[in-house]
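Take a look at the model below.

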Amino acid sequence: MKTANKTTYTLFRLTETHKAIYEALRRNETFAAFLLPGEPLSRLRFIADIEGFHPKSDLTFSINTWNTESSDRIIIRDTISAKDYLKLVNTKPVSEADPDIKPYTQSTNELLYKGQVLSVVTDLKEKFPSKTVLSRIVCGKLESKDTANTWLHVAYNYFKEFRNTLRFIYYTPQTGGWIGASPEILLCADKTTGNAETVALAGTKDSITRGWDEKNINEHELVVSFIAQMLTSMNIKFEAEEVSDVQFGHIKHKCKHFAMNLGEQAPYDVIDRISPTPALSGYPRPEALEHIGRFEIHDRRCYGGYVAIEDNRSLKAYVNLRCANFYKETYCIYTGSGLTEDSKADKEWRETDEKIAVLSACIKSYDYMLNQQSCNNQL
């Protein structure tokens, strides 16, 4: 299996935005920083929601956890600039409060996961066509002492790898810290015109293998059918593009774009109807969710939910995947694969490894670098 090259992970000169992220992580302060797909690293935006401060713009960053309604969203308001935040923190003590949840510390056992795959596949063979997305977690612990510095640099280098994704890092007391790079649009909408798009993203193969096998084609078609059914049920007319391939590191996914006009439908009503999509849950969704509840022994938390960047003009919501939950020295990477009646346990395990390869290598590489050399001149 091809993995990321450690030499690509480097130190960098810090801007006010980077320093603000560092301080927010060090102080357990509610914040988010993000880059939209295609944006260079220099466009990284920082927003912090400071109690007692009024919003300075209409920009918000919202977080929705796995399988919850939009009314449960955690909303981070844009109350202060990075420059002013750095001035403010000089007058504030470092918080000792822990988040409500902390990362898991025990990785999913390989034999357990493969046994779960076999059990799910046995069920799916009786209900074809059907699909269940089974997730696993990979946990670890940093060796470096300045963990806020480590996560800042992990984010920078991880974001650098995936320019065509929504890249984010955030912390709230309710969720703890999360970092991710998502290629999957849940819904992007222009509020002024009602024009919107979503995607069906599913199926996985490496960049070397030619063509798609029947298992991955069927897996993707289930997601396409679900989204088409949901939009039709809401009387939303749509146009679907031809299927294309989306590159993520050294793996590819099948992707179909849906373009539409929402008409009278509110964007979050559409999101609630299609989330979680079969790309993260399965199909039919009720049966897939029952499988997930029966076999997964960890809570997905923010994995499989979504993050949304919103202002008065637009809403951009992306599925929270290719992500890790972290707090200080502990972290937990989430990954999963779509199971159908044709799934093989060994292959599904390898697929989940491939999906986290870059993030895992990035964490380990920078943690190693920080322990090998002085970074005092970085902060």
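## Backbone, cysteines and cavities

Lys328 sits in the loop between E16 and E17. Helices (H or I, at least four residues) and strands (E, at least two) are DSSP runs, numbered from the N terminus. This is a predicted model, where local features need pLDDT of at least 70, side-chain atom pairs count only at pLDDT 80 or more, and totals for chains, interfaces and linings use all residues. Residues are numbered from 1 along each chain as its sequence is written, and side-chain values use heavy atoms, with hydrogens and water left out.

**Positive phi.** Lys328 is not a glycine, yet its phi is positive, near 55°. Lys328 counts as partly exposed because its relative accessibility is 39%. The cut-offs are these: buried means under 20% relative accessible area, exposed over 50%, and partly exposed in between (1.4 Å probe, protein chains only). Arg322 also has a positive phi, near 50°, in a residue other than glycine. The loop that holds Arg322 runs between strand E15 (314–319) and strand E16 (323–327). With a relative accessible area of 9%, Arg322 is buried.

| Cis peptide bond | Omega |
|---|---|
| Ser275 and Pro276 | about -5° |
| Tyr283 and Pro284 | about -10° |

Where do these prolines lie? Pro276 is in the loop between helix H6 (267–274) and strand E13 (282–283). Pro284 is in the loop between E13 and helix H7 (285–295).

**Cysteines.** A disulfide is a covalent bond between the sulfur atoms of two cysteines. Here it is counted as a pair of cysteine sulfur atoms within 2.5 Å. How many disulfides does this rule give? The count is zero. Cys323 is in no disulfide, and the nearest cysteine sulfur, that of Cys302, is 8.0 Å away. Cys323 is buried, at 0% relative accessibility. Cys332 is in no disulfide either; its nearest cysteine sulfur belongs to Cys139, 3.7 Å away. Cys332 is buried too, with a relative accessible area of 0%.

**Cavities.** On a 1 Å grid over the protein atoms alone, a cavity is a set of points where a 1.4 Å probe fits but cannot get out; lining residues have an atom within 4 Å of a point. Grid points are joined across faces, edges and corners, and a volume is the space filled by probe spheres set on the points. The structure has five cavities of 30 Å³ or more.

The largest cavity holds about 190 Å³ of space. It is lined by 20 residues, and the closest to its centre are Leu201, Ala279, Leu321, Arg322 and Lys355. The lining of the largest cavity has seven nonpolar, seven polar and six charged residues. In this scheme, Ala, Val, Leu, Ile, Met, Phe, Trp, Tyr, Cys and Pro are nonpolar, Asp, Glu, Lys and Arg are charged, and the others, Gly among them, are polar.

The second largest cavity holds about 60 Å³. Among its lining residues are His18, Leu41, Tyr156 and Ile169. Helix H1 (16–26) and helix H4 (147–161) each supply at least two residues of that lining. Which helix gives the most? H4 does, with four residues. By class, the lining of the second largest cavity has eight nonpolar residues, one polar and no charged.

Technical notes: On a 1 Å grid over the protein atoms alone, a cavity is a set of points where a 1.4 Å probe fits but cannot get out, and a pocket is an open set with protein on both sides within 12 Å along at least five of seven lines; lining residues have an atom within 4 Å of a point.
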